Amino acid sequence: MPKERILVIAHGHPQINKGGGEIAAYNLFLGLKANPQVEKAVFIGRAAKSEHESTPWGQWKEDELLFHSNMSDFFLYAQDNKAFVWKEFRSFLEAFKPTVVHFHHYIHLGLEMVREVKNYSKSTKLILTLHEYHGICFNSGQMIKTGSNKLCFKASPRECNMCFPHIEASKFLLREQYIKSYFHIVDQFVSPSKFLIQRYSEWGLDSSKIAHIENGQPENKNLKPFKTNNKIVFAFFGQINPYKGVDVLLEAASLLPKAVKKQIQIQLNGANLEHQPQDFKEKIHNLLKVNSKIVINQGGYEPNELPDLLAQVNWVVIPSIWWENAPMVIQEAFNAKVPVLCSNIGGMAEQVEDGKTGIHFRVGKPADLANKIIEIVENNALENELRANIKPAQSIESCTKKHLELYSNINLEA
Amino acid sequence: MKFPFSSSSGKKVQQNLNNAHFSIDYLGKIENNLIVFGWLFDPNKLIVSANFYAQNKILSTVEIDKVLRFEREDVNTHFNLNSTSEKLGFLFQISNPVLDEPQLDISFSAAEEQLDSKSIKIQTFEQEDFLESLQNLTTNDRQAIITTLTDLKIWKKSKPEKLNQEKPKSKKSKVQFHIDNSFVFESAIFTSGWIADPDQEAHLISFSQKGKTIFKSSIEEVANISRTDVQDFLRKSEVEVPLKCGFIKAFKLENSIDASKDVEIFILNKEGEILKMVVISSKLAEIKNFKKITENIFGTFPISHEKLFEIYDNHIGPFFKELTPIWKKKKNKKVYTYGKQNQNPEVSLVVPLYGRWDFLNFQLAIFCNDTDFSKVELIYVIDDPSIADAVIGHSNAIFPIYQLPFKIVYGGENFGFAGANNLGVSEATGKYVLLMNSDVFPKKQGWISELIKQYNLYPDAGIVGPRLTYEDESLQHEGMVFEKNKFLKGFWFNIHPGKGQPKWIFNHNNTKEVPMLTGACMLMLKETYLQVNGFDEDYLQGDFEDSDLNMKVKELGLKSYLAPQVELYHLERKSQSLFNNSDWKLKLTLYNAWQHTKKWNNEIETLNKELQYA
């Protein structure tokens, strides 16, 4: 097999923007860089600021580049400065001559960048990993309704207009056709969850063009022994925002009988509560007050602290009210052999097997979550039973190998 | 009636007295009388008196009602007054003026405000001269004046009335013609404004001074500018004009003129009849103020104009070229030395300082550990009066710390990149000159020796330059190439290929010929520098003088070589435009680009064919 020259492009560099998508892209880049089948791999992360005069380019490390880019138009994912695409980005493509360009998102970069790869060369393989449901849903790619936060099962111009009354239905049709015209030239899609593949397939993408490859995670080399402090610890990890369902968890806590409350502790690990809308902030603060005896808010954490934090946790709770795709926290929990208690929808329900590697509860229903917690408390053996079934998440090496195989199997003539 | 005075920059002229204007066409002294002849346009009838000053002291005040008024059809036409009951002309006479001055300041005032005064030279009254200034009047008006003067015993009837047979007749027409901006210089004129010509009568535009034609051209030879404001204004009187009714007309004059005097502009039809006349004045003070005049002129056209290059080529370019000599500042060179200078240095390192001079401190700290500097003559040029004291003072304080000898050269003004480097080289005694920006910092010691070594490896080297990177190690410069821009057609621009991209992108590891090298760091023989007369100071402020130097050196048959093994940081900052106006800066850059393109177009096309960058 001839060696590949690979560009991995993400909507941020994880050292600057700590997001799941950025980390997944970067981990893939590290894996490719270390692989002998790869002649050279370069990571390009979008940067919000430009340090240099008259060029969007900058450098983090010699093979980790920064590309300043703004995309004010979120409706069409349109790049603000088109010349950056056909002049600056293109000049790099022409000098680097990639055989594979793999986009992990087009947000902040604009869809035009994707097309420019094929403008540069039809024989360069163009891959796009899909994160969230952005192409389908204008509500931050979440597929939940604005206002009510109810789950959305399928997009249509009429329904989308109901979520955004000030945008005509015909505009949503145009948006869909526009985005699909860019997706049309992509040689291969990747999705970390089967659920997402199904959603995109219902939207009209050819599911045979979407490969399912789970994100790779660094191994948890120091698997700590579990520390039991007599209380059963249920921990939440992630941003404290309405979509992650922290309020559902706290409301469930309020519903628990006293006897159960005495035996558990609920940990919140996450940041960004200060940036949330006022009413949500107030709701959370009140719930925290009411449950102050059993809930502790530990604040934010660095990714490298996770193994230690997880070593003190019995269950990871993921109460998201939106579908999720492939939440990294599930992989991190499994790497630490911690079972997961999660909403029964989307990517969560796919990755956590009910009764085997975790427990499902009805999405958005505090009463059902409370019942599940009671069940867990009353069944001592359950935790260890499930723990035994948990397998670690895919390694970066394995993820990388699957990607390389995928790249080599792409048939451009097809 | 109000005129749309705004140009593309949307400036509005403000008058204290609601658009009142006046002009003094003639001021003459005869025996014991001063004759003042001119016109006053005072639509709101606020003016009460005319005032005469000499040396800031009031000489005389005349009530406006007591002054002889007569029709001035030419002025009526200028202000579009169709009803001829207006008598805008005036003639008055001041008896027995106590006067030693060669000129008077004249102005008109209302109850509480006064129009800006005009300074007019007093001529000795000559009937012939005076007759000339009556040229534009109708026969009736002329007669009325002569009669008055005869009654005053000023006019000598013996001379027959001379009619200037050459003078073209005025013709009533639908043409409207207005000047928004004008500058009269002794060897060039700039005008911009608009013309409405619904019946397409206008054929020629003619400029004259004191009755003599100084320039004439077809009305088509102007740059057409979109003016939606004029369209809207004229629609109110139900006149339709094309969108591009604005114009710019600038040109060089064949013969010098008196820049202190007014100039008349005539629009003539095919038969040579005057359709319209406008008078413009010089504004010499504004012309000498580089900032003011360039701001004014750049405001008359948009950067998006599809014939932008032609605007520069036909109008802006020739006009600025004439003005360049008066914008040039004189160099009052002062040299300050710190420490015992190296005898017989091999290289003179010239570094201009502008704005951020703290770079000096960083450079000295880095240079002083480099043994190369025992053969270097280090010359800093202060190109910014606002930092001069600070730099000289600071150098006294820090020299003892670094013990690295250096010189400071100061010319008293800001000369720009070209002038500052030329000034520095004028104090250079080394065999080589190494020109460097203050924000360039070496990464390794011995970089100068290495550059010289590379220079000498190539006998046809004219200039040698290193690779420059940003602080994050990405490329800032690895040679420059010429490119055209699809938005700004016609101009050649310099670009740095690979800017911001990683160092390995072009795989340049060895010295190679490149089309051009940046002036941020270049080494050449001083002899070569002097042979091409250094940097061309006709490039205003900065831009293109370095590529111009490269091209001049190529004319000698020498080449520009990039030595990528030598690497320095160039901490190029995002430019802070001097006047916080990026449109102005861009248009000034385009002037330099135009000059450069005019000079080198053919050579650049050849160069691009013969030398590929990568």
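The legends below describe close-up views of a predicted model.

**View 1. Open four-stranded sheet of chain B.** Four strands of chain B form an open sheet in the order 4-3-7-8, and their pairing is antiparallel. Strand 4 and strand 8 (118-121) of chain B are the edge strands, each pairing on one side only. From one strand to the next, the twist averages 30°.

**View 2. Hairpin of strand 3 and strand 4 of chain B.** Six bridges connect strand 3 (residues 49-54) of chain B with strand 4 (residues 57-63) of chain B in the antiparallel sense. The hairpin has two residues between the strands, and B:Gln55 takes a positive phi near 50°.

**View 3. Strand 3 against strand 7 of chain B.** Strand 3 of chain B and strand 7 (residues 103-109) of chain B run antiparallel and are joined by five bridges. B:Phe52 has B:Ile106 as its bridge partner in strand 7 of chain B.

**View 4. Largest cavity of the structure.** Searching the whole structure gives six cavities of 30 Å³ or more. The volume of the largest cavity is about 120 Å³. Its lining consists of 13 residues, and those that lie nearest the centre of the largest cavity are A:Cys137, A:Ile144, A:Cys152, A:Cys160 and A:Cys163. By residue class, the lining of the largest cavity comprises ten nonpolar, one polar and two charged residues.

Technical notes
Residues are numbered from 1 along each chain as its sequence is written. Chains are lettered from A and ligands numbered from 1 in the order in which they are written. This is a predicted model: local features need pLDDT of at least 70, side-chain atom pairs count only at pLDDT 80 or more; totals for chains, interfaces and linings use all residues. Side-chain values use heavy atoms; hydrogens and water are left out. Two strands pair if DSSP finds at least two bridges between them. Axes are lines fitted to C-alpha atoms, for helices over the stretch in contact, and angles run from 0 to 180 degrees between N-to-C directions. On a 1 Å grid over the protein atoms alone, a cavity is a set of points where a 1.4 Å probe fits but cannot get out, and a pocket is an open set with protein on both sides within 12 Å along at least five of seven lines; lining residues have an atom within 4 Å of a point. Grid points are joined across faces, edges and corners, and a volume is the space filled by probe spheres set on the points. Ala, Val, Leu, Ile, Met, Phe, Trp, Tyr, Cys and Pro count as nonpolar, Asp, Glu, Lys and Arg as charged, and the others, Gly among them, as polar.
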